[in-house]
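Open the model in your viewer and keep the selection tool at hand. The stops below say what to select and what is there.

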Amino acid sequence: MTPISDRVDGRVVLAPWRWLGGIACSVLVLYVGMLVSPASAIQPIVPEQHAASSRLQQPIIAQDIEVQPALDITTGFAAATARYPQLADFRSRYGGEWEIRWDRRNDLPHLIQGSGVALVPGRGNSLTLARLGLQPDHQVDLATVETRLRDFIAANSNLLGVKGMDLRLDPGRSIAYGKGNTHWFVEFEQFHEGVRVEGANVYFRIAAGNIVQFGSNRIAPVRIGTHPVSGRDAALALALADIPFMPGTRVSELVEPGELLLLPVAPEGDSGAADFSGSSGHGYSHRLVWRFVLRVHDDEATYQVLLDAHTNRVIDVQNINAYVDATITGGIYPTTNTDPEVVVPMPYLAVTNGGAKVTDALGIYDYSGGTATTTLNGQYFRMSDGCGSISLSNSSDGNLALGTSGGTDCVTPGVGGAGNTHSSRSGFYHLTNINRKAITFLPGNSWLNSKVTANMNINDVCNAYWNGSSLNFFKSGTYGSTFCSNTGEIAAVFLHEWGHGMDTNSGGSASDMGSGEAVGDTFAFLETKDSCIGANFTPGNICHNCTTCTGVRDVKDFGLGGTRPIAKPSNVIAAGGIKCDDYVGLGGTSCPYTTNSGQVYRGPMGYEGHCESIIASSANWDLTQMLVDRWGASQGWQEMDRIWYGSLTPSKSAYRVSAGGTCNPNATVDGCGSSNWYTVFLAADDDNGNITDGTPNACRIWDAFNAHGIACGARPVCSNDAPDFTLDIAPATRSVCAMPSASAPYTVDVGQQMGFSNPVTLSASGLPSGVSAAFSPTTVTPGNSSTMTVNVNGAAAGTLTLTVNGSASGSAGHSVTSELVIATAQPGAPAPAAPADGATGTPRSPTFSWASDPAAEGYTIEVASDSASTAGCRRRRSRRSRPTTGACAPTACAATAPTRPPSASPPA
């Protein structure tokens, strides 16, 4: 945001406009007397008529109200307590594992999240209502939660920095959700001398009865007075006279008549950005303001006006209308240019529409009417296409469809300009998405919040590169005898080159080319989940040393699940392996590898960088597969993301040569260096500030890196792992008709985790009188199953929950449940209601209805071709699609059958 060249009445006028969030407006239309004399710039209020263009001549923005928390993030109590002594009491009182995000502006915790503090009874704790002094039938409601939280606040007031503050429950932002109110989100607003501090609160998030997240937003001592110079009516008159509206502008509606507020603002001389560098605890000041919301004649906007209540000057005017949503979409290749093109929303894309706007993560922006235009110039990436300029406009509904097309290179959908190509659309989408993913792990990274230029369709072939400031991708074409695809049409190529940029801008790039190439390949496969890096880079041609991949490398081929010798230092030139000595004749000199032009491009062992990179990248691939095997597909990939992004800044070379020199497959190679990937991965994965007891994935990190010869030391433990068994039961429910007895079989599967082999003894609990269960066999070795037969003899009708328990040495035990529906009486005969029994002249496709019986679980309609048939409708036991064991004798009922199949409705 930059000031324009002049000042208006001593105020700096800034552009563009910004939204002051969190304002809910109720409509109050006034047609009566005005507070401003007819001689002022604003005329008396009149009924609103058709809105036209904006009447505001100069936007006024109070930049200091955009103040952002400045966060320091610390994982683990020990490190956090050393930095923030306020945590000591909390640590000693509650213990557990917590992550701390500290706001330097107020020297208070912005977020504390972790293992939980018991607040109300729930699955996460052993609290009871009696322990809280509540009656057994008491329902935990918001009042109960508020009372308990106020006790917590009082006990931790020094940590929260709210001692002596006026905190009031915000009922509009305090909610329960989940079946049985499993979760609560509660906020307390800060007030000072009866005046609300806008956006300043202490919040709590409760799950399963425990506080799992809490902290504060913009809480700070208020050091200014709360008495305005002018009352509400006089302040409104002064505000209307001070707003730079066009001459003759008339107010048509006063939506909100005025509220006195305290606004947290940045101190004088501070931009309010998150990179606060001032004195800790002095990053928030306050302004006392009057806030009014109004509309004016011939203007569609709803204006929020902030008047400084001490100086009587307008400091901020914003249009708070929520305009019609419109979307920008475009066709992209999901992975490579042989995929069908998919139309996707374009995230964080700039659009011009009555000012500068940006789409959100779903490609949506606020369309305010008129013309909307995009040039594929986004908030984080600007696409510059060698085929021509990019521009697409819409003047009807604001929806902009960049479209799809066949072909390659400069072929377009026929709209959006000559540069609206496959590569520009695909590149913008993939680059923006990985950028936004990375910022969730590295929120303070300035490069991720900058704008990078991506040059597409450069008039060259068979390559792509990051040059330190921009990304560059080539057209399709032939180099020598090899045909290459357009590198801007292949997702992995975008991601690989972006990875070089991320590597450079996350604390310094990898110190050798082999590690750097492995960085790019790891980013690529983490997004595409494809081991073939850049499929169809060379259509129809398998890459060097690859099995089936038509990209540049395949990180699976030389991994634990691959078809070739595993990539590791001792196999670096082995027959059938990655054969890095082959690269000497491919444009380079002997090891240590240098290109013919004299460029050093080598890995830690001295071999060609792209080739040697396969050692580290295939280790990362294998680690990812181990994480998926342990945690499941979704969480496994997320675990690798967490470890990978967390390790970027401190890691440099993937491994080191500790003895034997370079260009020597017999050299001693390991990952013991402080900045080697194995060592850094352990720190990134640690969850308790104590690596000596292992980390959640330490054993898997070691297994993957050791398989590739680049681990260090002895195998550590995975701290969250323990061999165990699992239980499963099928089906989820059965139904029986016990007249007088019945039985129902279930299959109980006993699974195995991490080689657990101790016998598991099965039992059933919670069985009422008349129900018993027998297992065959009773003791099961993990990896096998047992049949549980439930016998019903004299039990009451109803739905029964069966609990199967498993116990074994070396395990805490597990339970699983299923359902048994018991019927003990025959349902009555159904009586047709419509059509009536024996009715004639019915429609050819009638709708049947009948009186239902609670004892019946379902009905079957049978259709006959004549009235003499015995077919009719029968009651049956089915409980929809549930399996049936046993039978209650059915009784047929007569009905006149139509001449073609009828329709049926639920029982009347």
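This is a predicted model: local features need pLDDT of at least 70, side-chain atom pairs count only at pLDDT 80 or more; totals for chains, interfaces and linings use all residues.

His 500 is found in helix H7, residues 491-504; helices (H or I, at least four residues) and strands (E, at least two) are DSSP runs numbered from the N terminus. Leaving aside residues up to four places away in sequence, His 500 touches Trp 466, Gly 516 and Glu 517, where contact means heavy atoms within 4.5 Å.

Residues are numbered from 1 along each chain as its sequence is written, and side-chain values use heavy atoms, with hydrogens and water left out.

Zoom out to the whole chain. The protein chain has 12 helices and 48 strands, and 48% of its 908 residues are buried. Of the contacts between residues at least 6 apart in sequence, 60% join residues at least 24 apart.

Next, select helix H6 (residues 422-441) and helix H10 (residues 633-647). These helices pack at an angle of about 75 degrees, with their axes 10 Å apart. Axes are lines fitted to C-alpha atoms, for helices over the stretch in contact, and angles run from 0 to 180 degrees between N-to-C directions. H6 and H10 are therefore roughly perpendicular to each other (angles under 35 degrees count as roughly parallel, over 145 as roughly antiparallel, 65 to 115 as roughly perpendicular and the rest as oblique). Show the side chains: H6 contributes Ile 434, Lys 437, Ala 438 and Phe 441 to the contact, and H10 contributes Asp 641, Arg 642 and Tyr 645.

Stay with the side chains and display Arg 436. Arg 436 lies over the face of Tyr 380, at 3.6 Å from the ring centre, and its charged end also sits over the ring of Tyr 348, 5.9 Å from the centre. A charge sits over a ring if NZ of Lys or CZ of Arg is within 6 Å of the ring centre and within 35 degrees of the ring normal.

Which residues do ring pairs link into a cluster? Among them are Phe 441, Trp 466, Tyr 645, Trp 677, Tyr 678 and Phe 681. Rings of Phe, Tyr and Trp (its six-membered ring) pair if their centres lie within 6.5 Å; planes under 30 degrees apart count as stacked, over 60 as edge-to-face and the rest as tilted.

Move to helix H11 (residues 677-685), whose buried residues are Trp 677, Tyr 678, Val 680, Phe 681, Leu 682 and Asp 685. These buried residues pack against helix H8 (513-528), helix H9 (609-631), H10 and helix H12 (698-707).

For the last stop, colour the aromatic rings. The whole structure holds 30 aromatic pairs. One of them joins Phe 90 and Tyr 94, a tilted pair at 4.8 Å centre to centre with 50 degrees between the planes. Both residues lie in helix H2 (residues 87-94), four residues apart, about one turn of the helix. Phe 90 is buried, at a relative accessible area of 1%, whereas Tyr 94 is partly exposed, at 27%.

Definitions and conventions: Buried means under 20% relative accessible area, exposed over 50%, partly exposed in between (1.4 Å probe, protein chains only).
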